[in-house]
Amino acid sequence: MLTAFAGPEGAPRSVPIVLHADAPDATWIAAQLENANALFAPAGLSFSIAETVPSTPARPLASIDDRAARDALADDVAMSPRGEPAQVNVFLTDRLIDVDDPPSERMGVHWHRRRHRAVHYVIVSRRAWPTTLAHELGHYFGNPHSRTPNNIMSYERDGTTPPFFDAAQLARIRSHARRYVRAGLEAR
Ligand SMILES: [Zn+2]
């Protein structure tokens with residue numbers, strides 16, 4: 001079924017992002033959003049920054065070093081009464097340690113709080129590629145990694161085509177978006 005997850009007249013639905021960041025680089029953020037919005041447009045979704053929230057001493061964003069630090073970010077995620085994060089939360093850090101292979105770093109991660117898995121969010125490093133947010137949002141909306149080169153969910157790029165979601169991935173995004181909205185994700 002090809003029913004698009006789209007607003008009136010097929011316009012993409014706008015999904016608000018709460019950006020948790022200290023002094024985010026506007027140009028860098030704009031590039032991340034532009035890539036994400038181009039990739040998600042065929043699924044009828046677009047993203048915009050609804051709010052920017054600075055770090056707190058209890059939850060610094062300078063370096064996210066381990067699983068406990070990733071979990072702690074969940075305290076800043078507002079949940080809907082029906083149990084879904086009310087917005088997509090993106091945490092921007094200077095350094096995101098690979099918890100499976102420290103001290104190497106990752107560009108981004110889609111994380112579920114370990115003891116309360118309904119709380120999930122994206123963590124992105126300032127060193128990330130311009131398409132990293134789109135990749136992590138791909139996970140947020142239900143997609144695992146792909147083995148197809150140049151697919152946005154693959155780590156393999158040969159530069160011959162721009163990154164893309166295939167039809168099955170777009171269907172998964174629509175399905176997750178509908179489910180999230182029913183559970184309280186604010187999308188307009
Ligand atoms: Zn990934």
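Residues are numbered from 1 along each chain as its sequence is written. In this predicted model, local features need pLDDT of at least 70, side-chain atom pairs count only at pLDDT 80 or more, and totals for chains, interfaces and linings use all residues.

**Exercise 1.** Determine which residues of the largest nonpolar core touch the most other members.

*Solution.* A nonpolar core is a set of buried Ala, Val, Leu, Ile, Met, Phe, Trp, Tyr and Cys residues joined through C-beta atoms within 7 Å. A residue is buried if 20 or more other C-beta atoms, placed from the backbone, lie within 10 Å of its own, exposed if 12 or fewer, and partly exposed in between. The largest core holds 42 residues, and V90, I123 and I173 touch the most other members. Elements that each supply at least two of its residues include β4 (88-93), β7 (120-125) and α4 (167-182); helices (H or I, at least four residues) and strands (E, at least two) are DSSP runs, numbered from the N terminus.

**Exercise 2.** Describe how β7 is paired and enclosed.

*Solution.* Two strands pair if DSSP finds at least two bridges between them. Four bridges join β4 to β7 in parallel, with F91 opposite I123. Five bridges join β6 (residues 108-112) to β7 in antiparallel fashion; here H110 partners V122. Finally, five of the six residues of β7 are buried, so this strand is largely enclosed by the rest of the structure.
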